[in-house]
Amino acid sequence: MRRVSAEPWTIRRMVKWMADDFAKRGIESARLDADLLVAHALEMERVGLYLDLDRPLMDDELAKVRALVPRRRDREPIAYILGRREFYGRSFAVSPAVLVPRPETEHLVEHTLEALGVRDEATADPAQDAEDTADTSDTADTSDTSDTVNILDLCTGSGCVAVTLAAERPEVHVVGTDISADAVEVAQQNAESLGVADRVEFRVGDLFAAVDEDARFAAVVANPPYITDADIACLDADVRDHEPMLALAAGSDGLDVIRRIAEGAPRYLETGAPLALEVGYDQGKIVQDLLRAAGYDDVVVHPDLSGIGRVVIGRRPAE
Ligand SMILES: C[S@@+](CC[C@H](N)C(=O)[O-])C[C@H]1O[C@@H](n2cnc3c(N)ncnc32)[C@H](O)[C@@H]1O
């Protein structure tokens, strides 16, 4: 008797089935998510799927893919399922203990580097370097650390800001603090895997509590929790039900943590040094006023790519 074999689960069929299933459940990025999950289970790059769409899945591969489906149906963020997220061109480990790094936060890094005026190695002028070296050769001391730029990253989470600042500029040293010991563990892992653990030190503590009293920084930077209590209920289920509430909620006006940072930072900032904060979509002007009222100079709001004021920077005035 002739056996009719069931239609095999090829990559093409599996991706389509999963994308349709997610779309039916209202997941907006259904097709992308299906691609990413199938690629993850098969341990290949997303582009690899398209080179082998008709490859049938082996039983163990099918089991791996199927195990991921209920997690995404439950709105678990793709970054947690994959255990990784890209930030500023680098791959960061993430876990449910940390906020998933967001593209908006890349602006915080960008504007902090700009406000510091630290040199971009990629665009540095080698001729100018040679001149600078010649000018200082008779006084140069190779143990001199005066070029070191010390930065404090509060609310460090995955360490994406701290690690990126250090990875972008070799003269940058960062102290990163977070109230969550689990988050700090992830941050430490990222500093190690991205090769900057010798210049980034993480500590557990409530904002400035873990910072040495006599430490002074060329910048204090933070992407703090800034969501209002009322807005928490309106967040996407991916965020509200899976990302750490500690990373999101900041009181009735969303400014509980920002106020404490604005108040505490001057004591740790060198004169003229910037405090750089990421803020909520409607908080740019409010935080600008708050920093001005707290005595900061030159307070500027920088918009993100959608024109929303996202990064507020003020400078510690002279005494
Ligand atoms: C919005 S997340 C930012 C994480 C990371 N810097 C980023 O940009 O993706 C805020 C972080 O602040 C931490 N946090 C909340 N309250 C804190 C406090 N009082 N002191 C220190 N860290 C705090 C949370 O644990 C969370 O990791």
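Two strands count as paired if DSSP finds at least two bridges between them. The legends below describe close-up views of a predicted model.

**Figure 1. The hairpin of β8 and β9.** Strands β8 and β9 pair in the antiparallel sense, and five bridges link them. Asp297 has Arg315 in β9 as its bridge partner. Five residues lie between the two strands of this hairpin, and Gly307 takes a positive phi near 85 degrees.

Figure 2. Strand β1 covers residues 84–87 and strand β2 covers residues 90–93; the two run antiparallel and are joined by four bridges. Arg85 has Phe92 in β2 as its bridge partner, and Glu86 stands opposite Ser91 in β2. Two residues separate the strands of this hairpin, and Tyr88 in the turn has a positive phi of about 50 degrees.

**Figure 3. The open sheet of seven strands.** The strands follow the order β5-β4-β3-β6-β7-β9-β8, and their pairing is mixed. Strands β5 (200–204) and β8 (297–303) stand at the edges with a single partner strand each, so one side of each has no neighbour in the sheet. From one strand to the next, the twist averages 15 degrees.

Figure 4. Strand β3 (residues 149–154) pairs with strand β4 (residues 172–178) in the parallel sense over six bridges. Within this pair, Asn150 has His173 in β4 as its bridge partner. Helix α12 (residues 256–264) packs on the sheet and touches β3, β6 (219–222) and β7 (274–278). The direction of helix α12 makes about 175 degrees with that of β7. Helix α13 (residues 284–293) also packs on the sheet, where it touches β7, β8 and β9 (309–315). The direction of helix α13 makes about 10 degrees with that of β9.

**Figure 5. The surroundings of the ligand.** Which residues are the closest to the ligand? They are Cys155, Asp178, Asp206, Leu207 and Asn223, out of 19 residues that surround the ligand. By class, the shell holds 10 nonpolar, six polar and three charged residues.

**Figure 6. Polar atoms at the ligand.** An N or O atom in the side chain of Asp178 is 2.6 Å from an oxygen atom of the ligand. A polar side-chain atom of Asp206 lies 2.8 Å from a nitrogen atom of the ligand. At Leu207 it is a backbone N or O atom that lies 2.8 Å from a nitrogen atom of the ligand. How much of the area that the ligand exposes when taken alone does the protein bury? The ligand alone exposes 600 Å², and the protein buries 96% of that.

Conventions
Residues are numbered from 1 along each chain as its sequence is written. This is a predicted model: local features need pLDDT of at least 70, side-chain atom pairs count only at pLDDT 80 or more; totals for chains, interfaces and linings use all residues. Side-chain values use heavy atoms; hydrogens and water are left out. Axes are lines fitted to C-alpha atoms, for helices over the stretch in contact, and angles run from 0 to 180 degrees between N-to-C directions. Contact means heavy atoms within 4.5 Å. A residue is near a molecule or strand if one of its heavy atoms lies within 4 Å of it. A polar contact is a pair of N or O atoms within 3.5 Å; within protein, one must be able to donate a hydrogen and the other to accept it, and residues adjacent in sequence count only if both atoms are side-chain atoms. Accessible areas come from the Shrake-Rupley method with a 1.4 Å probe; for residues, only the protein chains shown count as cover. Ala, Val, Leu, Ile, Met, Phe, Trp, Tyr, Cys and Pro count as nonpolar, Asp, Glu, Lys and Arg as charged, and the others, Gly among them, as polar.
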